[in-house]
Amino acid sequence: MSLAVRVIPCLDVDAGRVVKGVNFVDLRDAGDPVEMAKVYDAEGADELTFLDITASSAARETTYEIVGQTAEQVFIPLTVGGGVRTADDVDRLLRAGADKVGINTGAIARPDVLGDISRRFGNQVLVLSVDARRSPTSGDGAQPSGFEVTTHGGRESAGLDALAWVRQACELGVGEILLNSMDADGTKNGFDVEMIRAVRDVTQVPLVASGGAGRLEHFVEAVEAGADAVLAASVFHFGELTIGDVKNTLRAAGHHVR
C-alpha cells in the first residue's frame with residue numbers, strides 16, 4: 001500500500017500568537033498556538049508545522065517555550081522552522097519537543113549546514129523550506145526553470161533557481177521539502193500544481209505542498225501533481241474547512257489517508 005497522504009495545519013507564530021495574512025502581509029490574529037494544536041490533534045491532523053515568522057532572538061525564546069508546551073499536549077509529529085542557522089539550533093528545538101526542523105534562509109546563506117545537520121541527527125529530521133515564486137522569463141532575475149527561491153517572506157529574490165536548489169539540498173542530506181508558493185500564499189486560488197510537478201521531477205524525497213489552499217478539490221490537485229503531504233493555514237484556522245473534510249475528499253478521489 002502506498003504511504004498515506006498527510007494533512008498538515010501550519011501555525012505561523014509571531015510573538016507567541018498564530019497569525020495569517022495574504023502573501024505574508026496584512027497579518028491577523030488567529031489564536032493561541034497550544035490551544036489550536038490541541039484542536040488539530042483531536043481533529044485528526046497527521047502532523048503540525050510551526051513557523052516562527054519573526055524569529056528574532058526574543059521571539060525564538062518564546063518559540064522554544066511554545067514548542068515544549070505543544071509537545072506535551074499533542075501526540076503527532078511537530079515540524080518547527082524559523083531562524084534555524086546551525087546544527088546547535090536544531091539540537092535545541094529537538095530537545096524542546098520538535099520532531100523535525102525546517103531550515104530556509106540559513107541554508108541559502110550556508111548550504112554546508114544541511115550536511116552538518118543531516119550527519120548529526122539523520123535526514124529524517126531535516127526539512128528544507130523553499131519559498132519559491134515564478135521568476136521573470138527573460139532579463140535580470142530569469143531562472144532556467146522559471147521558478148526562483150525567495151527570502152524574507154517572498155519579498156526578496158535569493159538569486160537561485162528553485163529546482164537547482166532543491167536538487168543540491170537533497171544531495172546534501174535534506175529528508176523532506178516544504179514547498180511554499182509565494183505567488184499563491186493566502187490567495188485560496190489553489191496550489192501551484194505546475195511548480196509541484198516540476199519539483200517532484202527532480203527529487204524523490206517527501207514533498208509537502210503549501211500555499212493557495214481554498215477549496216477541497218485544491219488538495220486533490222496538489223496530491224495528483226506529486227505532493228506527499230498538503231499543508232494549509234487560514235482555511236483551517238478560520239473554520240472554512242476541517243481536516244476531516246480534506247481527508248474525506250482525498251479518500252473519495254482514491255488517495256490513501258490515515
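Predicted model: local features only at pLDDT ≥ 70, side-chain atom pairs only at ≥ 80, totals over all residues.
Let's start with Glu176, which you'll find in strand S10, covering residues 176–181. Is Glu176 buried or exposed? Its relative accessibility is 7%, and the cut-off for buried is under 20%, so Glu176 counts as buried. Now look at what surrounds Glu176. Its side chain makes a polar contact with the side chain of Arg6, at 2.9 Å. Leaving out residues up to four places away in sequence, Glu176 touches Arg6, Lys100, Leu126, Val127, Leu128, Val205, Pro206 and Val208.

Leu128 leads us on to the next stop. The largest nonpolar core has 72 residues, and Leu128 is among those with the most contacts inside it, along with Phe219, Phe236 and Leu250. Helix H6, residues 162–172, gives the most to this core, with 5 residues. Apart from this core lies another one, of 8 residues, including Ile8, Cys10, Leu231 and Ala233. As background, nonpolar side chains in soluble globular proteins tend to be buried together.

Finally, find helix H3 (residues 87–96) and helix H5 (residues 112–121). Their axes come within 9 Å and cross at roughly 45°, so H3 and H5 are oblique to each other. The crossing is right-handed. Which residues make the contact? On H3 they are Ala87, Asp88, Val90, Asp91 and Leu94, and on H5 they are Val113, Ile117, Arg120 and Phe121.

How values were computed: Residues numbered from 1 in each chain as written. Heavy atoms only, no water. Helix = DSSP H or I, 4+ residues; strand = E, 2+ residues; numbered from the N terminus. Buried < 20%, exposed > 50% of the residue type's maximum accessible area, 1.4 Å probe, protein only. Polar contact = N/O pair within 3.5 Å; in protein donor to acceptor, adjacent residues only side chain to side chain. Contact = heavy atoms within 4.5 Å. Core = buried A, V, L, I, M, F, W, Y, C linked by side-chain atoms within 4.5 Å. Axes fitted to C-alpha atoms, helices over the stretch in contact; angles between N-to-C directions. Parallel < 35°, antiparallel > 145°, perpendicular 65-115°, else oblique. Left-handed = near helix turned anticlockwise from the far one by under 90°.
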